[in-house]
Amino acid sequence: MSAMDCETARDLLPLLRGAGLSARDRAGLEAHIAGCEGCRAEAELLAMLRRTPATPPAGLVERILDALPARRPRQRRAVGLLALAATLAGAVLVGKGVVQDLLDADAPGGPAASADLPAELLQPFWPGDDELAAGIAPALHQLSVDELEVLLAELES
Amino acid sequence: MRRTPRRMLQAGLLVLAWLVPVTAAAQQQASTRRGQLERQILSRFLDRAARELELDAAGRARLEGVLRTSVEQRRAIAREAARLRQALNRALRDPATPDAEFERLLDELAELRAREIRLWREEQDALAGALTPRQRARFMVMSARLNERIRALRAARSERAGPP
């Protein structure tokens, strides 16, 4: 078995704890860590991060909540049966929209866009949006239908 | 004519019966259009790649297979990321969320990152089976340019929307 290099080892380090490594890769990685101070330090850092309780910093939640638009007060007054029927219709439609969002979670305007926190605030954490890991697939799911039309026109020009 | 509650209820239900299928049809139409556009864009992009990389029909077909697989898998990761984002939002908003729950969610996030890295390696292996190293490098640049354009379109949308 050839010795594993640092680049490969660091790619595989996040998988060391779970079941994502083959026996061969695991053995190679453990052998590499045993002999490489830099990668051992990286592995210890990852282990420490996993052990650290994921408590948000003091005040972070409050600052995020302050940045959100205020909620509307509930409207409790009954406005007749027609209004009730209209409300029912609205509830059905909104409920359908929510279900649709869950089904099409990657579509613009889906949960990624409508979640409670502004998407940009947490963007760097989220897989699928990161430039380094973008891969070869065009991220078409991030575009609206209008933007897809624009892109298609550009590719056809 | 005096409108009785029963008549008003009937009217409301009629509105409801009309609205639901109309909205469902509109959503279905938009989804169909989106699917068409995505297929057309991928096809145009593959045409351009085949031309620039001087691929024959078999080479283009191999590249298309790799690309379509990648699109589906990355979409699945994006779905998972959206679900995880929602779960983390809920956990952050609830002061009673235990540390164990945060740890579980962050572990899931780390696993999703690892999955993404594995996918990146699989894509590279699959590309290596379809393209020469030089073609692969050129295709990576083409993909990066297309994704840059996609980011620019998204950024323009954010600018139009303005600050929250």
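The predictor assigns the complex an ipTM of 0.70 and a pTM of 0.53. The mean pLDDT of chain B is 87, and 94% of its residues score at least 70.

| Element of chain B | Residues | Mean pLDDT |
|---|---|---|
| Helix α1, lowest | 5-53 | 82 |
| Helix α3, highest | 99-130 | 92 |

Where pLDDT is low, the coordinates of a prediction should not be read in detail.

Chain B contains four helices and zero strands, so that its elements, read from the N terminus, follow the order α-α-α-α. Of the 164 residues in chain B, 20% are buried.

The loop between α1 and α2 of chain B holds Glu54(B). This residue is not a glycine, yet Glu54(B) has a positive phi of about 55°. Glu54(B) is exposed, because 8 other C-beta atoms lie within 10 Å, and a residue counts as exposed at 12 or fewer.

In chain A, helix α2 covers residues 23-35. Its 13 residues reach 19 Å from the first C-alpha to the last, close to the 18 Å expected at 1.5 Å a residue. Which residues of α2(A) are buried? They are Leu29(A), His32(A) and Ile33(A). These residues are on the same side of α2(A), because they cover an arc of only 100° around the axis. An α-helix has 3.6 residues a turn, so residues three or four places apart point the same way. The other side of α2(A) carries the exposed residues Ala23(A), Arg24(A), Ala34(A) and Gly35(A).

The largest nonpolar core has 20 residues, of which Leu63(B) and Leu127(B) touch the most other members. Two or more residues of this core come from each of these elements: α8 (145-156) of chain A, and α1, α2 (57-93), α3 and α4 (133-161) of chain B. Beyond its neighbours within four places in sequence, Leu127(B) is in contact with Ile136(A), Val66(B), Arg136(B) and Phe139(B). Another core, of nine residues, lies apart from the largest one. Among its members are Met4(A), Leu12(A), Leu29(A) and Ala114(B). Leu29(A) is also one of the buried residues of α2(A).

Conventions
Residues are numbered from 1 along each chain as its sequence is written. Chains are lettered from A and ligands numbered from 1 in the order in which they are written. This is a predicted model: local features need pLDDT of at least 70, side-chain atom pairs count only at pLDDT 80 or more; totals for chains, interfaces and linings use all residues. pLDDT is the predictor's confidence in each residue, from 0 to 100. The expected span of a helix is 1.5 Å times one less than its number of residues. The arc is that of the directions from the helix axis to the C-beta atoms. A nonpolar core is a set of buried Ala, Val, Leu, Ile, Met, Phe, Trp, Tyr and Cys residues joined through C-beta atoms within 7 Å. Two residues are in contact if their C-beta atoms, placed from the backbone, lie within 7 Å.
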